[in-house]
Structure formats: structure tokens, C-alpha cells
Amino acid sequence: MSDILMPKATAVWLVDNTSLSFEQIADFCGLHPLEVRGIADGEVARDIRGADPIGNGQLTREELDRAQANPDYRMKAQVSRHAELLKPQKKAPRYTPVSRRQDRPDAIAWFLRHHPEVTDAQISKILGTTKATIEQVRNRTHWNAANIKPVDPVTLGLIGQLELDALVKKAAEKKAKDDLKKGIVPEDPTLRPASEAGQFEPEVEEEEDFRAPRGDIKAEDVFGKSAGYVDEEDED
């Protein structure tokens with residue numbers, strides 16, 4: 001018997017709209033006969049609205065008529081189109097065009113240099129490569145090691161920018177959690193708690209008193225000597 005969607009709601013509909021026995025309904029819905037009897041008595045699934053198994057494609061009219069004509073017949077559920085849609089879709093392996101495969105070692109070298117927090121498994125999955133190839137690039141034992149240079153995989157067209165950003169963020173968060181478990185504190189944190197930082201007090205420079213006496217100042221020191229000006233000392 002195939003699993004059906006909303007078994008109790010289906011049992012409610014079958015109890016209300018068919019002459020099937022409790023055992024037939026229980027077998028079809030995957031319930032216990034006493035539970036189906038409780039539904040018929042109004043003690044179980046009181047607030048559940050019935051779901052038509054014929055309307056949602058889980059049971060054919062012919063199958064229902066055959067079961068109502070024979071109490072010993074056990075109905076077979078149809079594969080629901082809704083159940084197929086609800087099945088988790090397994091991602092297919094990443095396919096890299098042949099023309100791009102020669103660029104993967106450059107992308108691997110870029111990850112190893114700029115993002116060592118990204119694990120080999122993550123690199124292997126996002127680039128569609130193998131851990132053996134990653135190890136060869138790391139140890140420079142790759143057959144083309146002399147020509148391998150780190151190049152951004154986004155520039156190479158192997159992955160998208162959003163995909164790369166999500167991967168790097170996930171790897172950084174995982175590394176931070178692992179470091180905290182090991183008791184490793186990040187060096188030079190960008191922000192510190194206010195209790196550790198203390199209150200900032202700006203330095204105040206002492207202003208120079210420009211009004212301090214600088215000796216006797218004469219008019220000629222300010223305006224200079226003019227032709228029509230005669231000093232009193234010169235007259236004497």
C-alpha cells in the first residue's frame with residue numbers, strides 16, 4: 001500500500017461518503033480500525049475536514065466501486081501527482097563544459113590562496129572536481145603545475161558571484177565556530193565591548209595667550225614711518 005496524503009482527512013471523507021468497512025478504510029489510509037471507528041463515532045478527527053481521494057488523484061472510481069462491492073477487497077492507492085511534486089529533488093552533479101575544465105586548477109589555486117577556510121569538500125562540490133585534484137594543486141604535483149595561476153572562479157565563468165559569496169560566508173562562520181570551540185580568539189577584533197574600550201576623552205591643547213605683554217609697541221612698528229610723521233625725539 002502506497003503512502004497517501006492526509007490519511008485522517010481521507011478517512012473522514014471515506015467514512016462520510018462510502019459504505020466501506022472500517023478495515024478497508026484503515027488499510028487504505030494506514031490507520032488502525034479502532035481509529036477509523038472513532039472517526040465514525042465523532043471521537044477522533046472531529047475538526048478535520050474530509051479530503052476526496054478521487055479528486056486529488058489517489059484513488060480511482062473503479063477501485064472504490066470494486067471495494068464497496070466486496071468487503072474483503074483492499075483498495076490500492078494511485079501515485080498522486082501532488083506526492084511526486086513534494087518529493088525532494090536531488091541535485092544533479094555539477095557539469096562543467098569541456099572548454100572550461102582546464103580552468104578548474106586555476107580556480108582551485110585561487111581558493112587555496114585567498115580562502116583557506118573553504119574546505120576541500122566544498123571546493124570539490126562547487127567546482128565539480130575531485131579531492132585528489134585539489135591535493136595535487138596544493139602540493140604542486142599537478143601535471144600542469146607550472147602553468148597554474150590563481151584566478152577568480154567567477155571571472156572564469158565556473159560559478160556565479162552570489163554562489164561564491166554564500167560559500168565563503170558559510171565557510172567563515174563554520175571556521176569561527178570551530179575556533180571558539182578550541183578557545184581561539186580572533187586577533188585584532190574590529191569592535192570591542194564598550195566596557196573594555198572605556199570612554200573616549202579627547203586631548204585638549206592649551207591655548208597660547210596671545211594677549212600676553214610683548215613690550216611697548218609704537219605706532220611706527222604697526223604702520224611704519226611715513227614722510228609726514230616726525231618723531232618727537234627727532235625734533236629735539
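A crossing is right-handed if the near helix is turned clockwise from the far one by less than a right angle, and left-handed if anticlockwise. Keep this in mind for the exercises below, which use a predicted model.

**Exercise 1. The overall make-up**

Task: State how many helices and strands the chain has, and what share of its residues is buried.

Solution: 
- Start with the elements. The chain has 14 helices and 0 strands.
- The order is α-α-α-α-α-α-α-α-α-α-α-α-α-α.
- Turn to burial. Of the 236 residues, 27% count as buried.
- Finish with contacts. Take those between residues at least 6 apart in sequence: 62% of them join residues at least 24 apart.

**Exercise 2. Helices H1 and H2**

Task: Work out how H1 and H2 are oriented to each other, and which residues make their contact.

Solution: 
- Locate the helices. H1 covers residues 7–17, and H2 covers residues 22–29.
- Take the geometry. Their axes come within 10 Å and cross at roughly 155°.
- Apply the cut-off. Angles over 145 degrees count as roughly antiparallel, so H1 is roughly antiparallel to H2.
- H1 passes H2 in a right-handed crossing.
- List the partners. H1 supplies Pro7, Thr10, Ala11, Leu14 and Val15, while H2 supplies Ile25, Phe28 and Cys29.
- Sort them by class. The contact has 7 nonpolar residues, 1 polar and no charged ones.

**Exercise 3. Helices H8 and H9**

Solution: 
- Locate the helices. H8 spans residues 120–127, and H9 spans residues 131–139.
- Take the geometry. The axes come within 9 Å, with a crossing angle of roughly 115°.
- List the partners. Asp120, Ala121, Ile123 and Ser124 of H8 meet Lys131, Ile134, Glu135 and Arg138 of H9.

**Exercise 4. Tryptophan 110**

Task: Decide whether tryptophan 110 is buried or exposed, then describe its surroundings.

Solution: 
- Tryptophan 110 sits in helix H7, residues 104–114.
- Check its accessibility. Its relative accessible area is 13%. Buried means under 20%, so tryptophan 110 is buried.
- Look for contacts, leaving out residues up to four places away in sequence. Tryptophan 110 touches His115, Pro150, Val151, Asp152, Pro153 and Leu164.
- Compare sequence and space. Isoleucine 148 is 38 residues from tryptophan 110 in sequence, and their C-alpha atoms are 9.8 Å apart.
- Count aromatic pairs. The total is 1. Tryptophan 110 and phenylalanine 111 form an edge-to-face pair, 5.3 Å centre to centre with 80° between the planes.
- Check the partner. Phenylalanine 111 is buried, as is tryptophan 110.

**Exercise 5. Positive phi**

Task: Describe phi and location for methionine 6 and arginine 140.

Solution: 
- Recall the background. Most residues other than glycine have a negative phi.
- Take methionine 6. Its phi is positive, about 50°, although it is not a glycine. Methionine 6 lies in the segment before H1.
- Take arginine 140. Its phi is also positive, near 55°. Arginine 140 lies in the loop between H9 and helix H10 (153–156).
- Check exposure. Arginine 140 has 54% relative accessibility, so it counts as exposed.

Technical notes: Residues numbered from 1 in each chain as written. Predicted model: local features only at pLDDT ≥ 70, side-chain atom pairs only at ≥ 80, totals over all residues. Heavy atoms only, no water. Axes fitted to C-alpha atoms, helices over the stretch in contact; angles between N-to-C directions. Helix = DSSP H or I, 4+ residues; strand = E, 2+ residues; numbered from the N terminus. Contact = heavy atoms within 4.5 Å. Buried < 20%, exposed > 50% of the residue type's maximum accessible area, 1.4 Å probe, protein only. Parallel < 35°, antiparallel > 145°, perpendicular 65-115°, else oblique. Nonpolar A, V, L, I, M, F, W, Y, C, P; charged D, E, K, R; others polar. Phe/Tyr/Trp six-rings, centres within 6.5 Å; stacked < 30°, edge-to-face > 60°.
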